[in-house]
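These are my notebook entries on one chain. I set down what I looked up, entry by entry.

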Amino acid sequence: MDKRFKPLTPAEELQARRSLSEELEAHPGLAIHIVVKKIRSTLRLTIAEYARLCGVSARALADIERGDASPTLVTVEKLLKPMGLRVGVVAARKTGA
């Protein structure tokens, strides 16, 4: 748990997770680096803690969160697992005309 934050009560943590789930459902086309950062910050974990939890390197996680790296589908699955999420497909939005 990131020591910069006061720990959440179990009820507060559950509410934070529900709010995040609702936000992600409302915006299914969010870029993966945004989703991963939102998950990690909602769980109040440091990059090192979340990387260890997910089984990826801290460097890879930091690069993904900055949008500097494109993770494989296997890595994305690992990063989404703590929130009970999985990889899916969303139709692209039409642009212009």
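Entry 1, valine 35. I located valine 35 in helix H2, where helices (H or I, at least four residues) and strands (E, at least two) are DSSP runs numbered from the N terminus. The model is a predicted one, in which local features need pLDDT of at least 70, side-chain atom pairs count only at pLDDT 80 or more, and totals for chains, interfaces and linings use all residues. Residues are numbered from 1 along each chain as its sequence is written, and side-chain values use heavy atoms, with hydrogens and water left out.

Is valine 35 buried or exposed? I found it buried, because its relative accessible area is 10%; buried means under 20%, exposed over 50%, and partly exposed in between, with a 1.4 Å probe and protein chains only. Not counting residues up to four places away in sequence, valine 35 touches Leu24, Leu30 and Leu80, contact being heavy atoms within 4.5 Å.

I counted five helices and zero strands, so the order from the N terminus is α-α-α-α-α. The C-alpha atoms fill a box of roughly 50 × 30 × 20 Å along the principal axes. Of the 97 residues, 27% are buried. Among contacts with a separation of 6 or more, 53% come from residues 24 or more positions apart.

In H3 (residues 47–54), I recorded Glu49, Tyr50, Ala51 and Cys54 as buried. Their cover includes H2, H4 and H5. Just after H3, glycine 55 takes a positive phi of about 80°. In H4, the buried residues are Leu61, Ala62, Asp63, Ile64 and Glu65, and what covers them includes H2, H3 and H5.

I placed proline 71 in the loop between helix H4 (58–66) and H5. Proline 71 counts as partly exposed because its relative accessible area is 22%. Leaving out residues up to four places away in sequence, proline 71 touches Ile32, Ile64 and Val76. The C-alpha atoms of proline 71 and leucine 61, 10 residues apart along the chain, are separated by 8.9 Å.

I found threonine 75 in helix H5 (residues 73–80). Which residues does threonine 75 contact, leaving aside its neighbours within four places in sequence? They are Val56 and Ile64. Threonine 75 is classed as buried because its relative accessible area is 18%.

I noted about 530 Å³ of space in the largest pocket. On a 1 Å grid over the protein atoms alone, a pocket is an open set of points where a 1.4 Å probe fits, with protein on both sides within 12 Å along at least five of seven lines, and lining residues have an atom within 4 Å of a point. The lining has 19 residues, and Pro28, Leu30, Arg86, Gly88 and Val90 are the closest to the pocket centre. Helix H1 (10–26), helix H2 (32–42) and H5 each supply at least two lining residues.

Conventions: Points joined across faces, edges and corners; volume = space filled by probe spheres on them.
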